[in-house]
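Take a look at the structure below. We will walk through its salt bridges, then turn to its pocket.

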Amino acid sequence: MTGSIGEPGGLPQLEGTTLVTDSGLETDLMFHHAVDLPGFAAFVLLRDERGRALLERYYREHLGVAAAHGVGCLLETPTWRASADWAEAVGWTRQEVSRVNRDAVELVVGVRAAVPRRSGPCLVSGCVGPRSDGYLVGRRMTADEAYRYHAEQVDVLAETPADLVSLLTATYPEEAVGFVRAAQAAGVPCVVSFTVELDGRLPDGSTLADAITAVDHATAAGPAYYMVNCAHPTHVRPAVDLASGWARRLVGVRANASRRSHAELDQATELDDGDPVSLAGELLALRSMLPWLTVLGGCCGTDVRHIDALAAALTAT
């Protein structure tokens with residue numbers, strides 16, 4: 001890793017700096033730009049100039065919103081599906097997907113460098129996704145299996161200028177443990193983001209408290225912090241126990257625009273993009289419960305409008 005942050009203790013979001021994230025890249029591309037993403041894999045766009053231009057525009061718009069409102073930002077690379085199994089499913093070789101992970105970081109870092117007028121820090125996170133579906137547990141790996149699977153992608157990302165690596169939409173603790181161990185072995189700061197159902201539990205039935213506690217126990221508190229993504233803020237609230245110490249490990253939320261369950265979203269044929277202002281209010285209400293939340297943004301169904309509304313609400317408080 002050659003990033004400028006280097007150590008988990010140096011991450012500005014752990015020092016009280018609020019960062020907005022980008023939004024629901026895949027749903028934005030599919031529903032607003034009519035882009036076909038096989039397997040929900042945005043990395044395939046790096047194959048040609050039109051695709052790269054779409055990605056550059058996406059990141060440039062989000063960086064511009066953060067700069068306009070005077071807040072920092074955290075941008076995830078378009079590599080959520082850029083791991084061995086998913087690459088094979090869409091017809092890419094291991095060598096090609098290794099190269100595309102590097103190219104993805106280079107693209108986002110390049111956009112960051114091209115927007116010099118930033119009012120806050122802008123971090124680039126190498127994004128890692130689950131081996132199975134993001135809404136279902138699927139084949140459940142042991143921690144050792146997860147380590148071997150994710151180390152291939154994490155090792156590549158650790159050699160790039162990414163500031164950290166993040167596992168998004170984790171559905172059970174063992175996969176997160178393996179990912180964290182891979183990041184520890186590679187010497188790169190890491191973040192684990194679980195997804196939750198309507199009742200605040202992970203898709204495997206674990207409570208968020210148990211999942212975070214299990215990963216911390218198995219990795220000597222390896223993640224810099226934890227997040228929840230691909231869930232509406234109202235789905236996160238049932239999981240929160242302010243009297244428990246684990247709650248302070250939860251530093252970020254990337255929210256879905258919709259209040260629907262994962263099963264409902266999986267069957268939907270039209271985008272439910274909710275209301276940007278309402279979603280911003282829900283995220284701020286969640287932060288009023290958890291004032292140490294410093295990483296806030298969007299996931300499925302959201303786009304730059306939602307991040308604009310969120311940044312405006314953050315700077316108005």
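**Salt bridges and a pocket**

A search of the whole structure finds 17 salt bridges. A salt bridge here is a side-chain nitrogen of Lys or Arg within 4 Å of a carboxyl oxygen of Asp or Glu. The model is predicted, so local features need pLDDT of at least 70 and side-chain atom pairs count only at pLDDT 80 or more, while totals for chains, interfaces and linings use all residues. Residues are numbered from 1 along each chain as its sequence is written, and side-chain values use heavy atoms, with hydrogens and water left out.

Start with arginine 254 and aspartate 22. Their side chains meet in a salt bridge, 3.3 Å from N to O. The pair links distant parts of the chain, 232 residues apart. Arginine 254 sits in strand β7 (residues 250-255), and aspartate 22 in the loop between β1 (19-21) and α1. Helices (H or I, at least four residues) and strands (E, at least two) are DSSP runs, numbered from the N terminus. Arginine 254 is buried, at 4% relative accessible area. Aspartate 22 is buried too, at 2%. Buried means under 20% relative accessible area, exposed over 50%, and partly exposed in between (1.4 Å probe, protein chains only).

Now go to helix α2 (residues 49-69). Glutamate 61 forms a salt bridge with arginine 57, with the closest N and O atoms 3.2 Å apart. The two are four residues apart in this helix, so about one helical turn separates them. Glutamate 61 is partly exposed, at 32%. Arginine 57 is partly exposed as well, at 42%.

Arginine 259 lies in the loop between β7 and α9, and glutamate 282 in helix α10 (residues 276-289), so the pair ties together parts 23 residues apart in sequence. Arginine 259 is partly exposed, at 46%, whereas glutamate 282 is buried, at 14%. Elsewhere, salt bridges that share partners join Arg140, Glu174 and Asp204 into one network.

The largest pocket holds about 710 Å³. On a 1 Å grid over the protein atoms alone, a pocket is an open set of points where a 1.4 Å probe fits, with protein on both sides within 12 Å along at least five of seven lines; lining residues have an atom within 4 Å of a point. Which residues lie nearest the centre of the largest pocket? They are Glu26, Thr27, Phe40, Tyr135 and Cys300, out of 37 lining residues. Helix α1 gives the largest share of the lining, five residues.

Technical notes: Grid points are joined across faces, edges and corners, and a volume is the space filled by probe spheres set on the points.
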